[in-house]
Amino acid sequence: MSSKKPVVIYGVTGYTGRLVAEYLREYRVPFIAAGRDGKRVKEVMDKVPGIENAEYEIAEVEHSTEALFKGAKVVCNMVGPFMKYGPEAVEASLAAGCHYTDTNGEQNWMMHAEETWGEKFAAKGLLLSPGIAQMYTTGEIAANICLETPGLDTLDILVLWKGFPTYASTQTIFSILTADFFHLEQNQYVQWSPFAKAEVQVPGQHAVAMALPWGGTAHPVWFKNDPRVANCKAMGGVFERSVMEGVVQITTVVEEQIKKMPKAQQEKALSDMAASLQAGMPPRENPRINTTVDSVHASGPLGRVHCVIHGTCNYKQTGLLQAYAAYHLLQAAPRRVGFASGCQAFGHRELLGVVQSFGLSGKPIVTSYT
């Protein structure tokens with residue numbers, strides 16, 4: 001791979017990968033669009049808005065540690081489910097001396113990545129930041145705004161968005177149904193019931209919505225080693241209730257039938273179920289329709305703070321956050337090396353400014369009861 005193009009988008013043919021390419025073009029960052037099918041990569045890149053003004057190359061690569069990422073500085077990995085396909089990409093990033101980011105929504109992958117590679121990346125001065133995505137990073141921004149008030153140690157996080165998951169997101173959602181997932185209680189991981197759900201109050205509307213633990217999310221992992229936080233629960237999903245009810249029904253099938261299968265059969269059954277629900281490419285997001293809400297209640301013995309961030313186009317937010325992370329890493333070291341979240345690596349106020357500057361987020365609404 002060319003050292004003149006220091007960023008690699010791995011998995012550029014997916015919905016989010018295209019958006020990362022679009023925003024790297026906005027930042028004028030040269031990049032390599034990498035995938036296992038060079039012809040398919042070219043077909044996809046030719047359709048990215050404004051791509052004729054971008055500086056990029058196409059690379060056809062094998063999904064192996066030896067073949068990936070030589071000569072690059074930053075890898076933005078979009079190839080999931082990550083527990084299945086992520087290890088080769090992380091190992092290849094480490095071997096090539098690259099910072100690594102991805103968009104995963106798999107709590108078990110987050111834990112595995114931290115335990116397996118966190119210290120190794122830190123020893124090389126490299127960032128390992130899985131989970132830079134709207135569904136996690138924007139909520140993390142809101143949580144950190146709350147934690148600017150001292151004395152708060154409990155986070156109650158809600159993330160909701162309008163729209164339907166992409167093919168890759170649906171595959172991830174189904175893949176995590178067979179895994180255990182956790183919230184944080186007195187700085188210890190406590191397992192959620194697989195059937196946990198809640199009717200939640202949505203800021204800005206009268207109606208309630210259904211929320212699920214969504215595989216535990218990244219937040220308990222990121223805040224596990226934060227001395228300010230002892231307790232962290234996160235729930236979320238999409239506003240469309242029928243989708244959420246469908247996930248609840250599928251969870252029952254997973255618990256009663258699929259978990260009893262051998263692992264290979266589990267993966268096939270879940271993949272087939274996911275493909276039956278979302279097999280194609282969703283339309284490009286519409287900012288009038290695809291809205292997001294990130295709400296965090298932070299509390300402590302003597303205080304309460306509530307932060308709400310209303311935004312739009314969750315996949316565009318994800319693409320932008322990935323592109324900004326690469327843009328930053330090419331110019332300056334992250335605030336923290338090794339395993340770190342987007343906010344820990346780049347600063348929560350800085351990331352808020354990024355999504356606001358592109359019109360994807362409103363001003364945080366902060367209410368203090370201290």
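Seven strands form an open sheet in the order β3-β2-β1-β4-β5-β6-β15, with parallel pairing (strands pair if DSSP finds at least two bridges between them; strands are DSSP E runs of at least two residues, and helices H or I runs of at least four, numbered from the N terminus). β3 (56-60) and β15 (338-339) sit at the edges with a single partner strand each, so one side of each has no neighbour in the sheet.

This is a predicted model, where local features need pLDDT of at least 70 and side-chain atom pairs pLDDT 80 or more, while totals for chains, interfaces and linings use all residues. Numbering starts from 1 along each chain as its sequence is written, and side-chain values use heavy atoms, without hydrogens and water.

Inside the sheet, four bridges tie β4 (residues 74-77) to β5 (residues 99-102), running parallel. Asn-77 stands opposite Asp-102 in β5.

Now for the helices. α5 (residues 134-146) packs on α10 (residues 314-329) at about 80°, with axes 9 Å apart (axes are lines fitted to C-alpha atoms, for helices over the stretch in contact; angles run from 0 to 180 degrees between N-to-C directions). The two are therefore roughly perpendicular, a label for 65 to 115 degrees. Contact (heavy atoms within 4.5 Å) involves these residues:

| Helix | Contact residues |
|---|---|
| α5 | Gln-134, Thr-137, Thr-138 |
| α10 | Asn-314, Gln-317, Thr-318, Leu-321 |

α3 (82-96), meanwhile, lies across β4, β5 and β6 (127-129), at about 160° to β5.

Key:
Angles under 35 degrees count as roughly parallel, over 145 as roughly antiparallel, 65 to 115 as roughly perpendicular and the rest as oblique.
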